Number of protein chains: 2
Amino acid sequence: MLRTHTCGELRLSDKGKQVILCGWVSKIRDKGSLLWIDLRDRYGITQLLFDEKNKEALENARSYGREFVIQAEGEIIERVSKNDKIATGEVEIRVLRVTLLNAAKVPPFQIEDETDGGEELRMKYRYLDLRRNPVRANLELRHKMAQEVRKYLDLQNFIEVETPVLIKSTPEGARDFVVPSRMNPGEFYALPQSPQTFKQLLMVSGFDRYFQILKCFRDEDLRADRQPEFTQIDCEMSFVTQEDILNTFEGLIKHLFKFVKNIELPELPRMTYADAMKFYGCDKPDTRFDMKFVELNELAKGKGFNVFDSAPLVLAICAKGAGEYTRKQIDELTEWVKRPQIGAKGLVYVKCDQDGSYKSSVDKFYKQEDLAKWAAKTGAEKGDLILILSGEVNACRKQMNELRLEMGNRLNLRNKDHYSCLWVVDFPMVEYGEEEKRWFAMHHPFTAPKPEDEHLLDSDPGAIRANAYDMVINGVEVGGGSIRIFNKTLQAKIFTLLGFSDEEAKKQFGFLMEAFEYGAPPHGGLAFGFDRLCSLFGGAEIIRDFIAFPKNTSGRDVMIDSPSTINPVQLNELKISVNQ
Amino acid sequence: MLRTHTCGELRLSDKGKQVILCGWVSKIRDKGSLLWIDLRDRYGITQLLFDEKNKEALENARSYGREFVIQAEGEIIERVSKNDKIATGEVEIRVLRVTLLNAAKVPPFQIEDETDGGEELRMKYRYLDLRRNPVRANLELRHKMAQEVRKYLDLQNFIEVETPVLIKSTPEGARDFVVPSRMNPGEFYALPQSPQTFKQLLMVSGFDRYFQILKCFRDEDLRADRQPEFTQIDCEMSFVTQEDILNTFEGLIKHLFKFVKNIELPELPRMTYADAMKFYGCDKPDTRFDMKFVELNELAKGKGFNVFDSAPLVLAICAKGAGEYTRKQIDELTEWVKRPQIGAKGLVYVKCDQDGSYKSSVDKFYKQEDLAKWAAKTGAEKGDLILILSGEVNACRKQMNELRLEMGNRLNLRNKDHYSCLWVVDFPMVEYGEEEKRWFAMHHPFTAPKPEDEHLLDSDPGAIRANAYDMVINGVEVGGGSIRIFNKTLQAKIFTLLGFSDEEAKKQFGFLMEAFEYGAPPHGGLAFGFDRLCSLFGGAEIIRDFIAFPKNTSGRDVMIDSPSTINPVQLNELKISVNQ
């Protein structure tokens, strides 16, 4: 080793030792006869002291710049002015000898926790951005999480099996990335959007408990926080009910919180999809704060206020402590819900004043005792603010979800260091595509209906609940899955419901259906979005920060400048042409 | 859970317990009033007993066939005739109730350790092949090995960082698989042949110790045991010398042998490339057996035997105990070395008879005392056989390597359960391509020369030894790597030597070279072929058996029938055409 210790491990108890450290010059302070360098490596920072007793070292040090790579040898001494902000802050190295290992150009931005580099510059020089503590810490967290996932699942008898990356394209669902095959001209592999069929085949093979942490790929127009390649924790189990899967992966998430964040998670609550929609207006409620939807239909209708009278749904939330909101704040909030992204027609409020009276934008139509009933129903007390939206059921719920989250933000109820996890269960099996005029699988076509709902298959498919579940943390869906259909007859019925002809079903899922004829066990599973999970654990919102070399929203890696044109020989060998 | 226990865990101490098991019907024996089923799952086999006391169960059982999936409930009883070949062989379940979970068609081949299914059929129904114990055991071994690799490297402070799969094509080296980019028409990603540049960038980023178990891709015409996608254990370290890397990964391989195979490995010997070529004729010697090459030039020349006199090299090996080989056996061996694949012109032998005399094919030219000297030099004793080849140095070594391995096979010296590991070090930095008339990097263009050889850069580049190393187990290269060049000036010189113009070097490696200007630490690393390592640990030769869903030698997955044509809409969106 070129060093005896790292820059993060020396303490006062090491005083007097001769050591050799290697690292990057982080800061230089030159006081003439004395010079200090903060030497940085992955493990920390140690202060180097150069003085006139070791003149050569001092002069060498003086010639160094930021981010030079050096090797320094010397004695550990106690610092006069200690730094309690870093673990090595009680000591410094009085340097005897120093060697320049590699010089460095001045970096295009500061390698500091708070950098002056813009997003684009930092992406182009990602290898320098990765030197910054917060970015490195994100990837260390990711490593730790992957290790703990594997540790837990291994202990639960799961086997990690690598499924292929070069697979077959299926026209259903999102777009595949494809790979032309040189050995099979005119034919293409596809990169997996998920290893769904392979993990189900592994259950048919009797693997019983499978997992994999793997890259998946989706050729979508990228929204702000989507990556064309992303990482999943993919799992499947045999001979289980939904209950077993929920327990097993509740165990996993508890294990992660305990060993990565030192947080003991309580038992995860379970919420039906129907309740999630009713009380939160979305299937991934942020339950860090309450502010549940309250339906005011009965109380608000029939008092002459036409807006409410004509609305199928009148929904209220109670914003605790927001009763002091000024007229201006409420006007601004009203504009906010009326933006096209939200699409509400207006916002009704009721302020619960400290004197027990109510002030409302609909005073004209409702008496104080009417409003008191609203307050009672929403749980509003003195000093609270009731916000009310009305309209078509789905639209109103969607708008109220946005408003609730916004109020959560404004009232600082969405603390990134607080975690609220739950299961959302009993998803509908199918949803109706109004445009396409047909049923679509809400999860995927292999999702099993609840046995007690199977009889609705012909009469009311939209009412069938599936054995499907999502894990939601802080309003983010971090994972989801289902119990799979393993019975050929039922599967055929579902395919018919989803509008697949026998031929299409056979073409797309033929080998899986055939496999199911050779003794498929009852099975189910789920997948976690690992990038997302890491960002949540890191208390951040952007998954890109938890990926070593991410792509931008055009799917480009600006550091290596990819994708790029390839040479004509390659195209020729692949027997493909680029269209002009 | 649909079961209380697995089929592998019940013992006599569990006698009297009520249990529920699930699994596949492996065997049925029907004796009329009694019927037995061997029930199989991943964990083992448990015998089920059906009798007339539980008539319904008996009748159900009678209707089942091989590979039916069932759930059986009953009491654990002691078996009358015990089976000491399986762990559960002392007990059976007297079944009270049995439920059919799924029926099965008769599988196209027997799900047995020794199956009647041919390779092609087993690949088409890989999910059934995976049900067989030996195949499942291979993948369980693979899982265990991956877990242990991660455990060891995590303890050594390595961080697993995921590098991108969609990267940039480089024309050097083997062919890339490419992926057309829809969002960037006319441009392509490439799948990585190795994450070499990314891991070096991570060192520039200060990650210090990186590893990853990842899929890599190579679009080569597949030989028998190559796969288009394969798995590597990829590692890199900073602030290290070659010695540190050898020690760290010798530690890894010892850890694996200890915790996976329960074998305590001795310290790994190190052999220079020069010695490997001299004594074994190849850079990955199988050191499970001795039979080193002995040069007979001095002893064999000048006695009038023109073949030896005119040959630059006369090489002998001593095949212990093969002195009894018949004339027929030796003739057959002579034909073997003369096959075009080996290419020797002939084979000279000396039999060391029990009476102390020597019988040789070149008796005419050499006296008994000459042959005695050969015997002394090769260490041949009574009952041994000396085999001699001659010719051009490289060709002769190559042929003798083949002959040595063949004799190792014939004399049963290559036991798959014995492991002989070593490091081969001091590889030449470059080799000369006679055809292309230029120097090629033996490892890759970033490999550092030994500092003491750097002065040969202009005068004799072929003599420069690199800080490059391979780990060899039982004649198989399982891993290799090098100390990297981290100095810009030296790197530029090497690029020139390898015939890169400044412009080409910049185009291909520009961003890495630029990164090196911002403070690159001294670093080096290596990569293990994980598929190969698993097959070695599994005592097998075919890596395909250690991959869950492998491709055939045409790069096809015959189970999912991939690659395949894609629909015109997809091609259109990608703005590419297939050439007719």
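1. Where is B:Pro563 found in chain B? In this predicted model, B:Pro563 sits in the loop that runs between helix H15 (530-537) and helix H16 (568-574) of chain B. The peptide bond joining B:Ser562 to B:Pro563 is cis, with omega at about 0°. Chain A carries a cis peptide bond between A:Ser562 and A:Pro563, again with omega of about 0°. A:Pro563 belongs to the loop between helix H15 (530-537) and helix H16 (568-574) of chain A.

2. The relation between the chains may be stated next. Chain A is superposed on chain B by a rotation of 180° with 0.0 Å of shift along the axis, and the RMSD is 0.1 Å. This is the relation of a two-fold axis. Both copies use the same surface, in that 100% of the contact residues of chain A recur in chain B.

3. One salt bridge deserves mention with regard to the pairing of the chains. The side chains of B:Asp221 and A:Arg182 meet in a salt bridge, at 3.3 Å from N to O. This pair crosses between chains. On one side, B:Asp221 lies in the loop between strand S9 (209-217) and strand S10 (229-238) of chain B. On the other, A:Arg182 lies in the loop between strand S7 (178-180) and strand S8 (188-190) of chain A. Over all chains, the count of salt bridges comes to 106.

4. Helix H4 (residues 133-155) of chain A packs with helix H6 (residues 242-261) of chain A; their axes come within 10 Å and cross at roughly 135°. H4(A) and H6(A) are therefore oblique to each other, and H4(A) passes H6(A) in a right-handed crossing. From H4(A), the contact draws on A:Leu141, A:Lys144, A:Met145, A:Glu148, A:Val149, A:Tyr152 and A:Leu153. From H6(A), the residues met are A:Thr248, A:Phe249, A:Gly251, A:Leu252, A:His255, A:Leu256, A:Phe259 and A:Val260. By class, the contact of H4(A) with H6(A) comprises ten nonpolar, three polar and two charged residues.

5. H4(A) also meets H15(A). The axes of H4(A) and H15(A) come within 10 Å, crossing at roughly 115°, and H4(A) passes H15(A) in a right-handed crossing. In H4(A), the residues involved are A:Leu141, A:Arg142, A:Met145 and A:Ala146; in H15(A), they are A:Phe530, A:Asp531, A:Leu533, A:Cys534 and A:Phe537. The contact of H4(A) with H15(A) divides into seven nonpolar, no polar and two charged residues.

6. The crossing of H10(A) past H12(A) is right-handed. H10(A) contributes A:Glu332, A:Leu333, A:Trp336 and A:Val337 to the contact, while H12(A) contributes A:Glu402, A:Leu403, A:Glu406, A:Met407 and A:Arg410. The residues of the contact of H10(A) with H12(A) are five nonpolar, no polar and four charged.

7. A point of backbone geometry concerns A:Asn474. This residue has a positive phi of about 50° although it is not a glycine. A:Asn474 is located in the loop between strand S20 (468-473) and strand S21 (476-483) of chain A.

Key. Residues are numbered from 1 along each chain as its sequence is written. Chains are lettered from A and ligands numbered from 1 in the order in which they are written. This is a predicted model: local features need pLDDT of at least 70, side-chain atom pairs count only at pLDDT 80 or more; totals for chains, interfaces and linings use all residues. Side-chain values use heavy atoms; hydrogens and water are left out. A crossing is left-handed if the near helix is turned anticlockwise from the far one by less than a right angle, and right-handed if clockwise. Helices (H or I, at least four residues) and strands (E, at least two) are DSSP runs, numbered from the N terminus. Contact means heavy atoms within 4.5 Å. Ala, Val, Leu, Ile, Met, Phe, Trp, Tyr, Cys and Pro count as nonpolar, Asp, Glu, Lys and Arg as charged, and the others, Gly among them, as polar. Copies are superposed by least squares on the C-alpha atoms of residues with pLDDT of at least 70 in both. A salt bridge is a side-chain nitrogen of Lys or Arg within 4 Å of a carboxyl oxygen of Asp or Glu. Axes are lines fitted to C-alpha atoms, for helices over the stretch in contact, and angles run from 0 to 180 degrees between N-to-C directions. Angles under 35 degrees count as roughly parallel, over 145 as roughly antiparallel, 65 to 115 as roughly perpendicular and the rest as oblique.
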